[in-house]
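Have a look at the structure, then read on.

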Amino acid sequence: MSLEQLTYLFVVGSFFIYIAIAFWSRASSTREFYVAGGGVTPLANGMATAADWMSAASFISLAGIVSFAGYDASGYIMGWTGGYVLLALLLAPYLRKFGKFTVPDFVGDRYYSNVARVVAVVCVMFISFTYISGQMRGTGIVFSRFLQVEIDTGIMIGMAVVFVYAVLGGMKGITYTQVAQYCVMIFAFTVPALFLTFSMTGHLLPQTGLGATLDNGRPVLDHLDGLVSELGFASFTEGSKSKVDMFFITAALMFGTAGLPHVIVRFFTVPRVRDARISAAWALVFIAILYSTIPAVAAFGRINLIETVNGADNKGTPYEEMPQWFKKWENAGLIAWYDHNADGRTQYAAGDAFTGRQHKPIYWGAADDKVARNFYFNQRHVVNPSSGEFDPQVQPFANEIYVDPDIMVLANPEIAELPDWVIALIAAGAMAAALSTAAGLLLVIATSVSHDLLKKTIRPQITDGQELLAARLAAMVAVLIAGYLGMHPPDYVAAVVALAFGLACASFFPAIIMGIFYQRMNKYGAISGMLVGLISTLCYIVYFKFMGGEPEHWLLGISPEGFGALGMVLNFIVAYLVAHLTPEPPKHIQQIVQNIRVPRNNGSAYY
Amino acid sequence: MKQDSSSAEQYWRRNLQIIFSYLVVWFAVSFGCGIVFVDELNQFNLFGFKLGYWFANQGSILVFCVLTIGYAVRMSRLDSEFDVHE
């Protein structure tokens, strides 16, 4: 069977499984649609949370980012796992005890205010739509790379699949499909990583293989540090960002993770408070399997790339001798080569091989266009080469290569010369990662509309059946909007993701924490705190990301990605001050706070 | 069974102590070893890793897992001790 047939088989086969699971566990009440009836086991919820959390970006892009940024990217690794410690210790058990359906539900009830609820809904919408457009784009990209389908067509197929199983199955349906999707994606990610580790170091586990000694007698990371410094790059294991900035970026990602509504809502689906704690631990373990593999994939990938491109003698490899995967991904537009020194050999070093925005190559003609090929070496023509100047003190030659970071995961099985079915598996795994996150976000959006806006604010008199219908309609509309955003992505996707984390960190996290741990917190404090956190973070990110603010004007040297953490501190301070100048919350609210702190439900004793 | 408020308060205080001690470890391995003291730790070597780099990319994840599992186990015990389990 050809690779393409195998890929179709795996991808389409997995779609059928997801839809079948959703049909078998479809929701028939709002409680099932919103929180899967509250009967999910901690183990299943842990897997579902892990799949929900790990998006197309975690699966395809993160290893590449770590590969090229080295230690500087460890903020992502620590931030996106450490947030679960906060969730497990500070949020999940108490929100489970509170026992409602959504995050705005908690904010609205705890702060006895529909204004607070609506502010929360706005935050949820903004965060979730930002995220989901990236996921829809991700499904389109997977289709286009593995199955030679147009990106927009791929997005439509992805929309159709998510539509069927999220709208039909609700939270109950997506929980069990996410369990299946977790299995697919973790298998797809770890199998190539295990093979790669074994072939390079003889170790079985990537986590220990990263510390192993190579055939040349040097530890992997020492070898890599040596390779990159010879080529003029910054050290792999040491950082170039300031410590203050690293600190704030990591903090913003960590607290932002703990404030993301689609993650928090997963802990409403387990039966008991202790199950919420246990499933948070499971979720982190399942996430850790992938995240702790990433640094190894990143380091081995970078070594392979350097040694393949520059050759054993570090003089470059003649283009016609480059392996098949290099040419395949060149055709897909993820690699480009411009022969700056006209020696017919590929060379990879520090600096940009191409000019223009983001230094991405602009190809002349399509991949299958024979005329658009270089006459001598037959590589694809690129119209925007850089000047090719370099400092001979720092590096031996100019950089001639553009490599998209996604290559580190996508090309792994080919670099390790693994069989075709493993490559097909990567496609199914990437698809699972994108779809599972998209479905989780979709549900959060739909629930905010039907429950928080319609049932709790605008028309409290609607029946359960009408609310369920509204939730399904809202999910349908949300799929269409998400698909549209995926097809017409704003060209600042990465910046918008920083915004989503910053806002979750600066708005939700403090409001929820103070709602649980600070009984005296009242609605005035919470609302003013959320608004201060929201507006300060929004202004800072918009000014420095979209209005051309210069890095030298960063406050305390904090980049926009890390500002959410400072916004969070402002939120806490303002909320505390305002709460002390205004009346304390009513008695029945203080009773609620007392009640959520104790796992057992004592019924009337606490109300 | 009705909870009297003093034991509920005690339960909550014990919980806060546990949370605090776990968060100290959480902060120490990630922000401490992984960021603030990373250069100092990088002078040490652990099974082929620079120690600071290891904490930032592997060690912190491992400790995070231990912390969440430990908290779930510890709190289940505390719940039974104060008879507030479900």
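Which residues have the most contacts inside the largest nonpolar core? In this predicted model, they are A:Met185, A:Ile287 and A:Leu442, and the core itself has 233 residues. Helix H18 of chain A (residues 420-458) gives the largest share, 21 residues. Domain 1 and domain 2 of chain A both put residues into this core, so it lies between them.

Take A:Met185 for a closer look. Beyond its neighbours within four places in sequence, A:Met185 is in contact with A:Ala51, A:Met54, A:Phe59, A:Gly429, A:Ala432 and A:Ala433.

| Domain of chain A | Residues |
|---|---|
| Domain 1 | residues 3-299 + 420-494 |
| Domain 2 | residues 335-403 |

Taken over C-alpha atoms, the centres of domain 1 and domain 2 of chain A are 35 Å apart.

Now for the chain contact. Chain A brings 43 residues to it and chain B brings 38 residues. On the chain A side, helices H5 (74-98), H10 (220-230), H11 (243-258) and H13 (273-291) are the elements that give two or more residues. That side of chain A splits into 26 nonpolar, 10 polar and seven charged residues.

And the confidence? Chain A has an average pLDDT of 88, with 98% of the residues scoring at least 70. Among the elements of chain A, helix H22 (residues 563-581) has the highest mean pLDDT, 96, while helix H17 (residues 412-415) has the lowest, 80. Over residues 603-607 of chain A, pLDDT stays under 50, and the model has six contacts beyond four places in sequence for them.

Conventions
Residues are numbered from 1 along each chain as its sequence is written. Chains are lettered from A and ligands numbered from 1 in the order in which they are written. This is a predicted model: local features need pLDDT of at least 70, side-chain atom pairs count only at pLDDT 80 or more; totals for chains, interfaces and linings use all residues. A nonpolar core is a set of buried Ala, Val, Leu, Ile, Met, Phe, Trp, Tyr and Cys residues joined through C-beta atoms within 7 Å. A residue is buried if 20 or more other C-beta atoms lie within 10 Å of its own, exposed if 12 or fewer, and partly exposed in between; C-beta atoms are placed from the backbone. Helices (H or I, at least four residues) and strands (E, at least two) are DSSP runs, numbered from the N terminus. Domain bounds come from an automatic or database domain assignment. Two residues are in contact if their C-beta atoms, placed from the backbone, lie within 7 Å. pLDDT is the predictor's confidence in each residue, from 0 to 100. Ala, Val, Leu, Ile, Met, Phe, Trp, Tyr, Cys and Pro count as nonpolar, Asp, Glu, Lys and Arg as charged, and the others, Gly among them, as polar.
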